[in-house]
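Hello,

Here is the structure we spoke about, for you to open alongside this message. My notes on it follow below.

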Amino acid sequence: MLSANTAGPREISVLLRGEPGPISAWLDQEDAQRALLHLAVIVVGSGLYGAAMGWWRDPQQALYVAIKFPLIILLTTLGNGLLNGMLAPLLGLNLRFRQCASAILMSFTIVAAILGAFSPLIAFLVWNAPPMSSAAASGSTYSVIKLTHVAVIAFAGTMGNVRLFQLLAQRGGNRVVARRVLFAWLTVNLFFGSQLSWILRPFIGTPALPVEFFRATALHGNFYENVFRSLQQILQQLD
């Protein structure tokens, strides 16, 4: 087992297993090396996934998304750390603000590690998809790829929080408090992260629009409306 004072790459396997003992000890420490390691995993893992996501449109789009995706996760980490730092004590979890922010950072480190592991599968999906064209963008291929990303990101985000459930139960004193806090964290992740992703689009891109880092219409519409339209499009193709 890793020492509580050890900060190194082997920590990531401990995080992925959600081992409450060492993770709880890390929360009580202020370790800049550990924080930098977690930030590096977030940048590399989510950057690889972002590159695979944008490659279907264009290599330049892949570069843009490789930059934007880690940025989204880091901003979501910051926003969630602030919000959940206030929510956790209200829900019965005995964590100071710094400890709560550290737990959120570790949860997103798990998310990024999972996304990085999925990036070869996403690259394989994009490689075998027909080239992006107006026909492909208006058909079911685009919707399938988009919803695949939604499913993978939702899975990674959920696991990033669920893996820390034992830690929450240990620090909160019982599983009821842990479930309450976990539900609050997942809800904040969903609403904050998904809408931030919508604002910083495009990620996949469309052939009818130029490759760009940030759209002028970024504040128009919302993420949930777009997902609903994609589901409708797939169901219409199946009729």
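**Overall fold**

Along the sequence, the protein chain runs in the pattern α-α-α-α-α-α-α-α-α-α. That comes to 10 helices and zero strands. The radius of gyration is 19 Å, close to the 18 Å that the globule rule gives for 239 residues, so the chain is as compact as a globular protein of that length. Please keep in mind that this is a predicted model.

Taken along the principal axes, the C-alpha atoms fill a box of roughly 55 × 35 × 30 Å. Of the 239 residues, 49% are buried. Among contacts between residues at least 6 apart in sequence, 75% join residues at least 24 apart. The chain exposes about 11,700 Å², and carbon and sulfur atoms supply 68% of that area.

**The largest pocket**

Rolling a probe the size of a water molecule over the atoms shows where empty space is left. The largest pocket holds about 1,000 Å³ of space. Two or more lining residues come from each of H4, helix H5 (97-128), helix H7 (140-162), helix H9 (175-199) and helix H10 (223-238). H7 provides the largest share, nine residues.

In total, 39 residues line this pocket, and those nearest its centre are Val-150, Ile-153, Ser-194, Ser-197 and Phe-223. By class, the lining of the largest pocket divides into 21 nonpolar, 14 polar and four charged residues.

**The second largest pocket**

The second largest pocket has a volume of about 210 Å³. Helix H3 (32-54) and H5 each supply at least two residues of its lining, and H5 gives the most, with five.

The residues lining the second largest pocket are Trp-26, Gln-29, Glu-30, Asp-31, Arg-34, Ala-35, His-38, Arg-98, Ala-101, Ser-102, Leu-105 and Met-106. Sorted by class, this lining has five nonpolar, three polar and four charged residues.

**One residue to look at**

Leu-78 sits in helix H4 (residues 59-90). Is Leu-78 buried or exposed? Its relative accessible area is 53%, and exposed means over 50%, so Leu-78 counts as exposed. Leu-78 and Trp-185 are 107 residues apart in sequence, while their C-alpha atoms are 13 Å apart in space.

Regards

Terms used. Residues numbered from 1 in each chain as written. Predicted model: local features only at pLDDT ≥ 70, side-chain atom pairs only at ≥ 80, totals over all residues. Heavy atoms only, no water. Helix = DSSP H or I, 4+ residues; strand = E, 2+ residues; numbered from the N terminus. Buried < 20%, exposed > 50% of the residue type's maximum accessible area, 1.4 Å probe, protein only. 1 Å grid on protein atoms, 1.4 Å probe; cavity = no way out; pocket = protein on both sides within 12 Å on 5 of 7 lines; lining within 4 Å. Points joined across faces, edges and corners; volume = space filled by probe spheres on them. Nonpolar A, V, L, I, M, F, W, Y, C, P; charged D, E, K, R; others polar. Rg over C-alpha atoms; globule rule 2.2 N^0.38 Å. Contact = heavy atoms within 4.5 Å. Areas by Shrake-Rupley, 256 points an atom, 1.4 Å probe, with all protein chains shown as cover.
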